[in-house]
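I am opening my notebook on a structure that is new to me. I will start with charged pairs and move on from there.

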Amino acid sequence: FTAAKSSVADSIIVNNCSFSNGNGNIFKLAEETDKKGYYNAEQLKITNSSFTNQKGQLLTMLRSGNDESTMGPLFTFTGNRLTNCSTGDGIAFIHLNGVQYSAIEKNVFFGCNKDKVLIQYEDVVRALHFLRNNNLSESGRMLTNKFIQADE
């Protein structure tokens, strides 16, 4: 799913789905680059789904600019299982840039983006990100910032 510039989805909800042997990016919500605080989806929820042998980025989500009058986007990624997934080109498997709220919780990552970045957070203005109870085995590293509420 690639959102075009000036398109805005209210909600994209993926629940109890299975993706396997994909080749290419799955969710690209990063076309609003004008630094006005616009974004392509108000809410993206991916829950209780599996991703196996995915070659390409799972998600890139962008809210460009620092206008604090916009409250999104919101990203929820909970209860998913990911096995042998990789971007192959050194970019983060999940890249959140300017996302105002995210919850990445109770997921299992096995063999995902080894020796690369698994999840990358970039924020210009305040945000709230929950990164909790995830199981990472033979997977890449997290690039976090001061807005992360993580496992201790």
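I searched for salt bridges and found 4 in the structure. I note that this is a predicted model.

I looked up Lys 5. It forms a salt bridge with Asp 34, with 2.6 Å between the closest N and O atoms. Lys 5 sits in the segment before strand E1 (9-15), and Asp 34 sits in the loop between E3 and strand E4 (41-47), so the pair ties together parts 29 residues apart in sequence.

I turned to Lys 114. Its salt bridge partner is Glu 138, with the closest N and O atoms 3.7 Å apart. Lys 114 lies in the loop between strand E11 (108-110) and strand E12 (117-122), while Glu 138 lies in the loop between strand E14 (135-137) and E15. They are 24 residues apart. I also see a network: salt bridges with shared partners join Lys 5, Glu 32 and Asp 34.

Next I looked at the sheet. I read 5 strands in an open sheet, ordered E3-E6-E9-E12-E15, with parallel pairing. Strand E3 (27-29) and strand E15 (141-143) each have a single partner strand, so one side of each has no neighbour in the sheet. I counted 4 bridges between strand E6 (residues 59-62) and E9. Leu 62 has Asn 97 as its bridge partner in E9.

I found Thr 87 in the loop between strand E8 (81-83) and strand E9 (94-97). Its contacts include Gly 56, Phe 93 and Lys 116.

How values were computed
Residues are numbered from 1 along each chain as its sequence is written. This is a predicted model: local features need pLDDT of at least 70, side-chain atom pairs count only at pLDDT 80 or more; totals for chains, interfaces and linings use all residues. Side-chain values use heavy atoms; hydrogens and water are left out. Helices (H or I, at least four residues) and strands (E, at least two) are DSSP runs, numbered from the N terminus. Contact means heavy atoms within 4.5 Å. Two strands pair if DSSP finds at least two bridges between them. A salt bridge is a side-chain nitrogen of Lys or Arg within 4 Å of a carboxyl oxygen of Asp or Glu. Lists of a residue's contacts leave out its neighbours within four places in sequence.
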